[in-house]
Amino acid sequence: MKVLINQQTHELDSDATLADAVAAIEARPPFAAAVNTQFVPRTQYAQHPLRDGDQVEIIAPVTGG
């Protein structure tokens, strides 16, 4: 299936979860994730199924001044 991860199309298995999307872009903590603008707690990544066309945002904090 195709999902958008940070506005880029990725091909994932049909049974992919949010954890698979995080692994696909090799995200490093700390970060937060949302699917279709809905925040998903880190403890739910492996249980949160994705559907074809979902939009995943993986957001890392920015520091500086």
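1. Let's start with A34, which lies in strand β3 of what is a predicted model. A34 counts as buried because its relative accessibility is 13%, and the cut-off for buried is under 20%. Along the sequence A34 and V56 are 22 residues apart, yet their C-alpha atoms are 5.7 Å apart in space.

2. V56 brings us to the largest nonpolar core, which has 16 residues. The members that touch the most other members are L18, A21, Y45, L50, V56 and I58. At least two core residues come from each of β1 (2-5), α1 (18-24), β3 (32-35) and β5 (55-59). Helix α1 gives the largest share, three residues.

3. Do have a look at the loop between α1 and β3, where P30 is placed. The peptide bond joining P29 and P30 is cis, with omega at about 0°.

4. N6, in the loop between β1 and β2, is not a glycine but has a positive phi of about 50°. T37, in the loop between β3 and β4 (38-40), is not a glycine either, and its phi is positive at about 70°. With 30% relative accessibility N6 counts as partly exposed, while T37 counts as exposed at 73%.

5. Finally, the surface: E11, D13, D15, D20 and D52 form a negative patch. One of these, E11, sits in strand β2 (residues 8-11). E11 counts as exposed because its relative accessibility is 55%, and exposed means over 50%.

Technical notes. Residues numbered from 1 in each chain as written. Predicted model: local features only at pLDDT ≥ 70, side-chain atom pairs only at ≥ 80, totals over all residues. Heavy atoms only, no water. Patch = residues over 30% accessible without salt bridge, like charges linked within 9 Å, V, L, I, M, F, W, Y side chains within 5 Å. Areas by Shrake-Rupley, 256 points an atom, 1.4 Å probe, with all protein chains shown as cover. Salt bridge = Lys/Arg side-chain N within 4 Å of Asp/Glu carboxyl O. Lys, Arg positive; Asp, Glu negative; His and termini not counted. Charge placed at Lys NZ, Arg CZ, Asp CG, Glu CD. Helix = DSSP H or I, 4+ residues; strand = E, 2+ residues; numbered from the N terminus. Buried < 20%, exposed > 50% of the residue type's maximum accessible area, 1.4 Å probe, protein only. Core = buried A, V, L, I, M, F, W, Y, C linked by side-chain atoms within 4.5 Å.
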